[in-house]
Amino acid sequence: MTSLSLEQAPKQQQQKEQSNLSKSSSKILLSIPSLSLYLCSSCDNFCKHILNAWLATMFVERYKVSAAEAGVCLATVEAVGVLSRVLCGMRDPLGTKFRWAASSAAFLLQGVFLFLAFNAPTPKSCSLFLTLYALCTGGHSVGFRPRYFETAPHLAGLLSGYGNTIASMASAMGPVVIGMLLGSKEGKDAESDDDDDDDERWNKVAWLMLTAALVGVAGAMGLRGVKHTKQV
């Protein structure tokens, strides 16, 4: 009996350690900093996929430009955004202490420029504000994105998986919400060429984008005071 108890002791100790590790991991994955990361990713993807899905429609419907011109604008905004993220990611002047500040500023500026873009009177001014928005997205490369690897390095894969899954849901929701917000232009609306009506419809989108960006600011503020969690 004594030898049997001695054999079972290491197994019980191992099971206890695994249980403690599981509880600790769950606590980290559902902590305020982690939830803030998920929220930041969701707000960023929400706005980005709305632009990908509806920007061309806005240019064609509101500014009466060709589909080719709308495509050029989309490509330019995307290219500027990629370049901004790459360049900011290559240099990290703020360090880990001010990740929250970088993303807070980026989200705030994104919201302002998107609001101005969807209320812009001409396609050129709209393109300018969208380009400025794309430049601001680089702030997240030194903002919330590195936090996936800094918050808990041993759980970076799980954190990224959770964040990307939740953000993907927001990506899918964004275009659908805009479609419901804009409604259709059938019947009387389709026959009339009312620019004021178009402006009012896209102004609703502008307010939604600004609101999403402000929610992103709130998420970024949740990253304040994040401490590194070493492997348990």
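A: Happy to. Leaving aside residues up to four places away in sequence, Ser141 touches Arg85, Cys88, Gly89 and Pro146. Keep in mind that this is a predicted model. Ser141 sits in the loop between H5 and helix H6 (147-150). Is Ser141 buried or exposed? Its relative accessibility is 18%, and the limit for buried is under 20%, so Ser141 counts as buried.

Helix H5 (residues 123-136) packs against helix H2 (residues 32-62) at an angle of about 170°, and their axes are 13 Å apart. Angles over 145 degrees count as roughly antiparallel, and H2 and H5 are therefore roughly antiparallel to each other. On the H2 side, the contact is made by Lys48, Leu51, Leu55, Met58 and Phe59. H5 brings Pro123, Cys126, Ser127, Leu130 and Tyr133 to the contact. By type, the residues of this H2 and H5 contact divide into eight nonpolar, one polar and one charged.

Phe59 deserves a look of its own. Not counting residues up to four places away in sequence, Phe59 touches Lys64, Val65, Ala70, Cys73, Pro123, Cys126, Ser127 and Leu130. In soluble globular proteins, nonpolar side chains tend to be buried together. Here the largest nonpolar core has 34 residues, and Phe59, Phe118 and Leu130 touch the most other members. At least two residues of this core come from each of H2, helix H3 (67-90), helix H4 (99-118), H5, helix H7 (156-182) and helix H9 (195-221). H2 gives the most, with eight residues. Apart from this core lies another, of 16 residues, which includes Ile28, Leu37, Phe107 and Leu155.

Finally, let's follow H2 to its contact with H4. The axes of H2 and H4 come within 12 Å and cross at roughly 15°. That makes H2 roughly parallel to H4, and the crossing is left-handed. From H2, the contact is made by Cys40, Cys43, Asp44, Cys47, Leu51, Met58 and Arg62. From H4, the residues are Phe107, Gln110, Leu114, Ala117 and Phe118. The residues of the H2 and H4 contact divide into nine nonpolar, one polar and two charged. Leu51 and Met58 are named in the contact of H2 with H5 and also in the contact of H2 with H4.

Technical notes. Residues numbered from 1 in each chain as written. Predicted model: local features only at pLDDT ≥ 70, side-chain atom pairs only at ≥ 80, totals over all residues. Heavy atoms only, no water. Axes fitted to C-alpha atoms, helices over the stretch in contact; angles between N-to-C directions. Helix = DSSP H or I, 4+ residues; strand = E, 2+ residues; numbered from the N terminus. Parallel < 35°, antiparallel > 145°, perpendicular 65-115°, else oblique. Contact = heavy atoms within 4.5 Å. Nonpolar A, V, L, I, M, F, W, Y, C, P; charged D, E, K, R; others polar. Buried < 20%, exposed > 50% of the residue type's maximum accessible area, 1.4 Å probe, protein only. Core = buried A, V, L, I, M, F, W, Y, C linked by side-chain atoms within 4.5 Å. Left-handed = near helix turned anticlockwise from the far one by under 90°.
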